[in-house]
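I open the notebook on a structure that is new to me. The entries follow the order in which I looked things up.

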Amino acid sequence: MDATILHADLDSFYASVEQLLEPSLLGRPIAVGGGVVLAASYEAKAFGVRGGMPGRRAKELCPQLIFVGGHFNEYQRLGDAAIKILDDYTPLVERISIDEAFADVAGTAHLFGPPAVIAETVRRRVRQEIGLPISVGVARTKHLAKIASQVAKPDGLCVVDPATEIEFLHHLPVELMWGVGPATKARLEAMGVTTIGQLAATPGQSLERLLGPAASEKLRALAFNRDPRVIETDRRARSAGAQSALGKKVATDKIVRPTLRHLADRIGSRLRAKSLAGSRITVRVRWADLSAVTHSVTLDAPVSATSTLTDVAEELVREVLLAHPEEACISLLAISVSHLELQPVLQLEFSLGLGDEARRPGSRRGASRWMADKAMDKVRGRFGWEAIGYGSVVLEGRKLVPDAFRELAEKEL
């Protein structure tokens with residue numbers, strides 16, 4: 001197979017947009033945000049400033065750091081315009097976030113030239129027409145194309161020859177792999193695995209004991225560039241999720257419940273807007289050392305009511321905390337709802353005195369929750385998100401991350 005998959009990724013997108021809108025910021029270390037760094041320019045990253053970092057810490061690392069508020073409408077407009085340029089060269093475009101997309105140009109090379117030429121043309125047009133830097137990776141698979149675009153940064157092009165792709169892949173750091181986050185990276189480092197080649201050479205049983213059967217099998221396949229995924233032009237999220245970074249907080253009810261309520265409110269409103277509901281609820285608890293635990297439950301019926309999602313998530317988090325009494329502090333909470341189904345109307349059901357009736361969407365209590373949420377959705381649709389909410393949600397530092405920024409990061413359902 002030829003290398004025909006492109007991964008296009010706008011460089012330090014939010015910060016680059018701010019520098020585009022205000023040329024005096026070019027070449028200077030800037031951060032979008034305030035109390036929390038939402039995004040940082042390359043100049044700021046050189047000092048160790050990273051997204052999600054407290055603003056105070058970022059200022060300590062880089063005293064000359066300039067904070068900017070963020071132009072969220074411009075992010076959407078410019079992101080759309082940049083990704084749309086790919087549409088001029090192939091109908092097979094899969095957008096995976098506001099600032100990155102895959103494209104397969106196998107069928108259009110006779111019109112526009114080899115994949116490398118198309119990639120360079122896209123880069124030039126994005127720079128000339130939009131004014132933003134973009135890095136593009138070209139490879140035989142989606143996974144390798146994404147890695148290549150990271151290698152190409154900043155503002156570069158990397159084409160991986162299929163004849164030498166394993167050699168190219170195996171000398172790279174393991175954290176470039178899709179699915180290797182800080183916690184997995186730390187586990188692999190503890191056993192001496194720092195490159196993709198070392199991971200590929202690690203016995204399967206050792207990886208399985210460390211990461212579990214599913215994750216180890218997936219990573220070993222990717223380490224040899226075995227990735228059968230194709231471009232999905234009508235890609236939609238198979239789940240809805242939200243997360244909240246907390247710094248380092250003691251896991252008290254005062255912290256946990258309002259945070260979960262806010263996350264459930266964001267997820268539930270998105271599901272109801274698309275007439276969707278989900279039956280599998282997963283929580284993720286990240287500890288102070290950045291290791292994390294996930295815990296899930298599958299309900300008998302799909303739900304989308306905020307209070308029901310909150311109750312289930314709180315029970316799951318409580319079980320995680322009880323199972324890890326040695327962990328005093330948490331740094332992040334997340335909720336994800338999957339196994340999504342269309343729920344255009346709510347099917348009511350008779351009360352049978354079952355123990356889980358409070359969680360059943362068609363029970364008296366479940367229906368009341370759903371109807372209350374629908375009423376809130378209408379008010380918010382007319383007057384904005386802040387017009388109405390749950391009185392129990394009092395999140396310390398919630399305003400540090402604007403809701404407009406959260407919406408940009410959420411996958412389309």
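How many of the 413 residues of the chain, in percent, count as buried? I noted 48%, where buried means under 20% relative accessible area, exposed over 50% and partly exposed in between, with a 1.4 Å probe and protein chains only.

Before going on I wrote down the ground rules. This is a predicted model, in which local features need pLDDT of at least 70 and side-chain atom pairs count only at pLDDT 80 or more, while totals for chains, interfaces and linings use all residues. Residues are numbered from 1 along each chain as its sequence is written, and side-chain values use heavy atoms, with hydrogens and water left out.

Entry on the secondary structure. I found 16 helices and 12 strands in the chain; these are DSSP runs numbered from the N terminus, helices being H or I with at least four residues and strands E with at least two.

Entry on strand β2. I looked up its partners, given that two strands pair if DSSP finds at least two bridges between them. Strand β2 (residues 30-33) runs parallel to strand β4 (residues 66-68), with three bridges, and I30 faces I66 there. With strand β3 (residues 37-40) β2 runs antiparallel, again through three bridges. G33 is opposite V37 in β3, and a hairpin of three residues connects β2 to β3.

Entry on aromatic rings. I noted six aromatic pairs. Rings of Phe, Tyr and Trp (its six-membered ring) pair if their centres lie within 6.5 Å; planes under 30 degrees apart count as stacked, over 60 as edge-to-face and the rest as tilted. Y14 and Y75 are edge-to-face, because their planes stand at 70°, with the centres 4.8 Å apart. Y14 is in helix α1 (residues 13-21) and Y75 in helix α4 (residues 72-84), so this pair ties together parts 61 residues apart in sequence. Both Y14 and Y75 are buried. Ring pairs also link F13, Y14, F72 and Y75 into a cluster.

Entry on W178. I found W178 in a tilted pair with F102, at 5.9 Å between centres and 45° between planes. F102 lies in strand β6 (residues 100-104) and W178 in the loop between α8 (165-170) and α9 (182-190), so parts 76 residues apart in sequence are tied together. F102 is buried at 0% relative accessibility, whereas W178 is partly exposed at 30%. K146 lies over the face of W178, 5.1 Å from the ring centre; the test is NZ of Lys or CZ of Arg within 6 Å of the ring centre and within 35 degrees of the ring normal.
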